[in-house]
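I opened this notebook to record what I looked up, one entry for each topic.

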Amino acid sequence: MTGRTAEGDPQEELAARLRLLQELSGLGVRALARDTGLSSSSLSRYLNGQTPPPWPAVVALCRLVKRDPRPLRPLWERTSNPLPAPPKSSRQVRPLPRNDLPRDAPDFTGRDVQLAAVLAAVDSHRAVSVDGMAGVGKTCLAVHAAHRLAADFPDAQLYVDLHGFTEGREPMDPDSVLRMLLAALDVPSERVPREGVEQLAACWRSELARRRVVVVLDNAADAEQVRPLLPGAGESVALITSRNRLLGLDEVPPVSLDVLSPRESAELLARAGGDPDGRLAREPESTAEVLRLCGHLPLALRLAGARLRHRPGWTVGILVERMAQGASEFDAEFSAAFAMSVRQLNRPQARLFRMLGLLPGASFDEYVVAALAEVPLRSAVAMLEDLVDAHLVQQPTAGRYRLHDLVHQHARRAAAEQDPAAERERALGRVLDYYVHAAAAADAAMPFLSLSRAASAGRPPAELPRFTDKNAALSWLVAEYGNLLAAFETAAAVGSDAHVCELPRFLRAYFARRCGTTHLNVLFERSLAAAERLGDPLQLAEAHSDLGFARYNAGRTAEAAAAYEAAEQRVSPAADTPGGAEKGQRRGYLSWDAGHVEEPLELFRLAGKLYERAGSPAGVAHAAASEAWAMLQLGHREEAARRAREVLDVPHADPAWPPALTARITLGVAIAHAEPDEAAEHLHHALALARDDGHLHNQAWCLNCRGVALRQMGRYEEALASHREAFALLDELFEEHWKIHFLNGYGETCRLAGLPEEALRLHRQALELAPRLGNRYEEALAHEGIATVLDGTDPAEAAEHRAAGQAVLQRLSPGAH
């Protein structure tokens with residue numbers, strides 16, 4: 001061994017020297033790691049030049065093959081003490097554009113004709129679909145082409161797996177995919193439509209039209225799944241892969257892949273296997289048998305080559321024997337490579353690999369794996385790292401893992417053949433337990449309603465993610481949203497009603513911030529059906545109440561009232577104090593929207609007493625804030641302000657805590673006429689908190705109330721601007737029913753600001769919407785607003801509307817108005 005050092009990268013040179021030491025040892029990576037006392041994952045990184053090794057590791061490798069380590073010391077010092085990086089510029093650095101593309105295959109082989117066809121189709125049509133059988137290299141080709149195109153599309157390089165052919169889960173729906181893609185482009189949530197694939201697709205096309213983006217849409221199920229995801233005007237491009245020919249996409253040219261030719265297969269096997277000593281050339285018959293067993297499929301060829309690369313002591317004949325054993329066992333050409341890879345694992349690792357096939361979601365983290373295998377968290381992490389080293393598990397980002405869909409199918413099939421059904425059932429049950437309890441922990445960290453309950457389905461796992469604040473909880477919910485829905489569907493499929501009943505309950509806060517109400521209603525409908533099958537009165541009452549909550553938020557007030565009544569028929573408020581308190585709160589909101597006056601106030605006060613009896617100070621504050629708001633609507637400004645100040649005096653770590661936000665808005669409106677400066681400060685603070693919290697409905701509420709307060713101060717132009725901003729947000733939410741709370745107030749501001757036609761239009765819009773939603777009080781206010789506008793121009797019609805409004809109020813609360 002000499003002390004020659006490289007003129008180029010010293011780390012790469014040192015890695016090359018270490019690989020020579022490995023060749024001298026004649027050992028594979030695992031055996032070499034064992035004999036030197038190093039971890040196999042660390043040693044692999046040293047040999048590949050990914051990480052500089054510590055000096056004791058270099059010494060251990062040299063001593064194993066009886067070589068003097070001292071000549072390597074200067075080279076090692078250069079890798080360990082690189083030249084300092086140039087000083088950072090004081091100028092602000094713009095964030096790099098999003099790049100989600102998987103790593104380009106370093107052994108990409110052949111496909112010259114197909115690659116040229118893909119690039120030509122992109123150039124002419126800005127989209128291309130690559131189709132072919134499983135394992136044929138569709139994703140590899142699309143990703144390789146995307147890397148070639150990346151320089152010409154600098155705004156973003158995106159990748160999404162559509163799961164069109166993932167065993168055990170439904171293909172991703174375009175709604176979810178569009179939301180993921182818009183989030184990847186950092187589109188502000190207030191610009192993302194809340195409902196409707198057509199609106200989301202239009203938003204996506206609009207964003208692409210002003211950018212240069214390349215997006216890979218991998219594993220499409222059919223043309224209908226992909227069509228909403230295609231670019232429209234502009235220069236962005238899409239590369240689609242599917243096992244089916246997407247005949248419905250007439251505007252997208254197809255490129256079909258077949259298996260590799262024998263020459264290309266041999267070249268890929270040689271490149272994937274390294275083959276520094278010419279083993280393949282010395283054993284042509286065995287090499288041909290490897291190609292046959294792999295079915296000339298790139299994925300199987302790469303797995304077979306990896307076995308040769310990490311087993312320098314093997315002949316190609318030994319590889320054939322191992323693959324043949326796997327082929328006979330699993331009766332599939334490319335399953336042989338998977339089976340052979342699994343056989344290199346120890347028993348716990350092999351068991352975990354098989355269990356990973358049971359996971360219902362796409363990517364996963366170490367916490368759910370620990371629950372799945374019922375092992376400590378650190379053991380799960382260690383085994384996952386071993387599976388990553390064996391190329392059986394992928395790690396697309398730090399802390400997230402995934403299985404290629406073919407590997408997932410193999411793991412699932414292996415579990416069905418090797419593990420007892422009872423053991424698989426218990427493992428899947430632990431996964432469902434984990435997702436329910438983890439979702440409950442995240443929900444508790446981002447308080448949405450007055451009371452957060454613990455999950456009762458199944459057993460809590462030994463370890464859960466720690467959510468330090470609501471932002472951490474929201475980030476986890478965003479990352480796990482697809483898995484949570486997959487867990488819900490899996491629970492429904494296997495008849496686990498306890499999980500189906502509970503899981504949606506812990507997603508309400510997430511849905512309030514990121515999703516519309518339609519999906520939430522569907523989930524709670526299915527949750528109610530599960531509760532009915534369980535037959536537990538408390539669960540059934542909760543399910544009816546939750547469905548009422550979803551119905552109310554969707555503007556379906558009559559159905560909400562029926563659901564709340566059904567909840568009370570099963571469990572009276574007194575029999576379930578915490579649940580009764582929350583039901584009272586919800587009934588209060590519903591009663592107010594129906595136009596009742598005294599009943600909501602009584603319900604909020606009853607809820608406060610029940611919360612106090614249950615020992616829930618947060619619940620008491622929530623009820624008090626609602627009571628203050630109701631007093632304000634009844635015109636009791638001083639009482640409302642006093643109650644709101646009491647709520648603000650309750651200490652809480654989160655300044656955007658719902659009771660405090662409600663109290664701050666109430667106080668701002670209540671004192672606007674008497675203490676305008678303090679009122680403006682409260683409303684400004686409330687709006688800032690709502691924006692920081694990312695809750696669009698609350699932002700619209702704050703803006704509208706600020707408009708009302710500014711109107712009372714006589715600042716009409718500012719009031720109009722605030723109302724308009726509120727309605728712009730509501731338009732983006734695609735939930736028209738929320739406007740009923742704001743139309744009449746906006747109309748009154750327009751009237752006083754000298755815009756009678758605009759005021760009349762808003763009041764008439766409220767009059768049209770209110771009866772449909774069952775909001776009789778806003779209906780009465782709309783009649784009165786129209787009458788007030790028309791008093792000077794059409795007294796007869798004004799009188800008709802005023803009488804109609806009084807009649808509505810009289811029917812609601814005789815003698816109260």
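Is R354 buried or exposed, going by its relative accessibility? I began here, noting that the model is predicted. I found R354 at 12% relative accessibility, and since buried means under 20%, R354 counts as buried. I placed R354 in helix α17, which covers residues 347-356. Leaving aside residues up to four places away in sequence, I listed its contacts as A411, A414, A415, Q418 and D419.

I turned next to the cysteines. My search of the whole structure for disulfides returned zero. I checked C705 in particular and saw that C705 is in no disulfide, the nearest cysteine sulfur being that of C702 at 7.1 Å, whereas a disulfide needs the two sulfur atoms within 2.5 Å. I also noted that C705 counts as buried at 6% relative accessibility, and that C203 counts as buried at 12%.

My last entry concerns two helices, α37 (residues 756-773) and α38 (residues 776-790), which I found to pack at an angle of about 155° with their axes 8 Å apart. Because angles over 145 degrees count as roughly antiparallel, I recorded α37 and α38 as roughly antiparallel to each other. I noted the crossing of α37 and α38 as left-handed. On the α37 side I listed P756, A759, L760, H763, R764, A766, L767, A770 and P771, which meet E778, E779, A782, H783, G785, I786, V789 and L790 in α38.

Notes
Residues are numbered from 1 along each chain as its sequence is written. This is a predicted model: local features need pLDDT of at least 70, side-chain atom pairs count only at pLDDT 80 or more; totals for chains, interfaces and linings use all residues. Side-chain values use heavy atoms; hydrogens and water are left out. Axes are lines fitted to C-alpha atoms, for helices over the stretch in contact, and angles run from 0 to 180 degrees between N-to-C directions. Helices (H or I, at least four residues) and strands (E, at least two) are DSSP runs, numbered from the N terminus. Angles under 35 degrees count as roughly parallel, over 145 as roughly antiparallel, 65 to 115 as roughly perpendicular and the rest as oblique. A crossing is left-handed if the near helix is turned anticlockwise from the far one by less than a right angle, and right-handed if clockwise. Contact means heavy atoms within 4.5 Å. Buried means under 20% relative accessible area, exposed over 50%, partly exposed in between (1.4 Å probe, protein chains only).
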